[in-house]
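Here is a short briefing to read alongside the model. It moves from the nonpolar cores to the ligand site and then to a few local details.

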Amino acid sequence: MAKIVSFSNQKGGVGKTTSCVNISAQVANKGKKVLMIDMDPQGNATSGLGISKSKIKNTIYDVIIGRADAKDAIIKTKFKNLSVIPATIDLAGAELELYELDDLDENTNFTKIALDSVKDAYDYIFIDCPPSLGMLTVKALSVSDGIVIPMQCEFYSLEGMSQLLNTVKKIRQIYNPNLQIVGMLLTMYNGRLTLTNQVVAELRKYYSELLFKVPISRTVRLSEAPGYGEPICYHDPYGKGALEYAAVSKELMLRI
Ligand SMILES: Nc1ncnc2c1ncn2[C@@H]1O[C@H](COP(=O)(O)OP(=O)(O)OP(=O)(O)O)[C@@H](O)[C@H]1O
Ligand SMILES: [Mg+2]
């Protein structure tokens, strides 16, 4: 039975998609069966895996509103053991519809029903969330076993964290008591910056056991890989980015 893990942080541009795509590919490459779900209307995770628009018939939007079965939205990627449910801009309209649908109840949560129907075929299902705490994120967290919180080493990261942890608390109370914080992942790390070290020290003080041991460095290779439609473990397998994401993937699999 697959473990479902959401990559979420309401702050934009902190490395959610980069982490979700690269950890998905790495875990799959290591022999686990992985389904990556793109839950962001921007569709960055979809294009980051080289999925062309012409291949897409159904998207996560069709699944969320109960118009398509999960299995009819799954696309096999060219990467080992890795499949994806894509997103396109039509998902942007879903936020509103989801409020009206009010379907987070166990029996009518289409996302949960859909994922339950394919859970057996995978070891992990990784969900890339949009940069908000809106309905799409709530929906993703309501069906997840765990959340990974990617974050940059900036002052504002600390400010947003209490809000995010509050949301996790609320989701546990209302929808999903089993939601586990798998870890916080430092991204775009540059250990030579004083600010980075100050923020890391602060994070260690409050969240030491939650931080993944290895931070992800800022590297050009990681930022260029999506342009080639390739995860880093294929684009630059021996580079720093690939090695660091490999270490984080290993730790993640031990944690959940
Ligand atoms: N370790 C890294 N080194 C260099 N560039 C990075 C790294 N991680 C992410 N980036 C780049 O930073 C930008 C933001 O990353 P990403 O899209 O993963 O963030 P996000 O949190 O998913 O953003 P959004 O909130 O818009 O969904 C992208 O251009 C990405 O290529
Ligand atoms: Mg993203």
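The largest nonpolar core has 34 residues, and I23, M36, F126 and L252 have the most contacts inside it. A nonpolar core here is a set of buried Ala, Val, Leu, Ile, Met, Phe, Trp, Tyr and Cys residues joined through side-chain atoms within 4.5 Å. This is a predicted model, in which local features need pLDDT of at least 70 and side-chain atom pairs count only at pLDDT 80 or more, while totals for chains, interfaces and linings use all residues. Residues are numbered from 1 along each chain as its sequence is written, chains are lettered from A and ligands numbered from 1 in the order in which they are written, and side-chain values use heavy atoms, with hydrogens and water left out.

**Cores and a buried helix**

- Leaving aside neighbours within four places in sequence, L252 is in contact (heavy atoms within 4.5 Å) with F7, I23, Y124, F126, V148, V182 and F212.
- Another core, of 27 residues, lies apart from the largest one and has Y61, L115, I125 and V143 among its members.
- Helix α6 (residues 135-142) is largely enclosed by the rest of the structure, because eight of its eight residues are buried; buried means under 20% relative accessible area, exposed over 50%, and partly exposed in between (1.4 Å probe, protein chains only).
- The buried residues of α6 include the charged-type K139 as well as M135, L136 and L141.

**Around ligand 1**

- Of the 17 residues around ligand 1, G13, K16, T17, T18 and S217 come nearest; a residue is near if one of its heavy atoms lies within 4 Å.
- The shell divides into five nonpolar, nine polar and three charged residues, where Ala, Val, Leu, Ile, Met, Phe, Trp, Tyr, Cys and Pro count as nonpolar, Asp, Glu, Lys and Arg as charged, and the others, Gly among them, as polar.
- Both α1 (16-29) and α9 (220-224) supply at least two residues of this shell, and α1 gives the most, with three.
- Oxygen atoms of ligand 1 lie 3.4 Å from a polar side-chain atom of D40 and 3.2 Å from an N or O atom in the side chain of Q42.
- A nitrogen atom of ligand 1 is 3.0 Å from a polar backbone atom of T219.
- On its own, ligand 1 has 630 Å² of accessible area, and the protein covers 80% of that (Shrake-Rupley method, 1.4 Å probe).

**D123 and its surroundings**

- D123 is found in the loop between α5 (110-118) and β5 (124-128), and counts as partly exposed because its relative accessibility is 33%.
- Not counting residues up to four places away in sequence, D123 touches M1, A2, K3, K32 and K33.
- A polar atom of the D123 side chain lies 2.7 Å from the backbone nitrogen of K33.
- D123 and L35 are 88 residues apart in sequence, yet 8.4 Å apart in space, C-alpha to C-alpha.

**Positive phi values**

- N81, in the loop between β3 (75-76) and β4, has phi near 60 degrees, a positive value in a residue other than glycine.
- M188, in the loop between β7 and α8 (194-207), has phi near 50 degrees, also positive in a residue other than glycine.

Terms used. Helix = DSSP H or I, 4+ residues; strand = E, 2+ residues; numbered from the N terminus. Polar contact = N/O pair within 3.5 Å; in protein donor to acceptor, adjacent residues only side chain to side chain.
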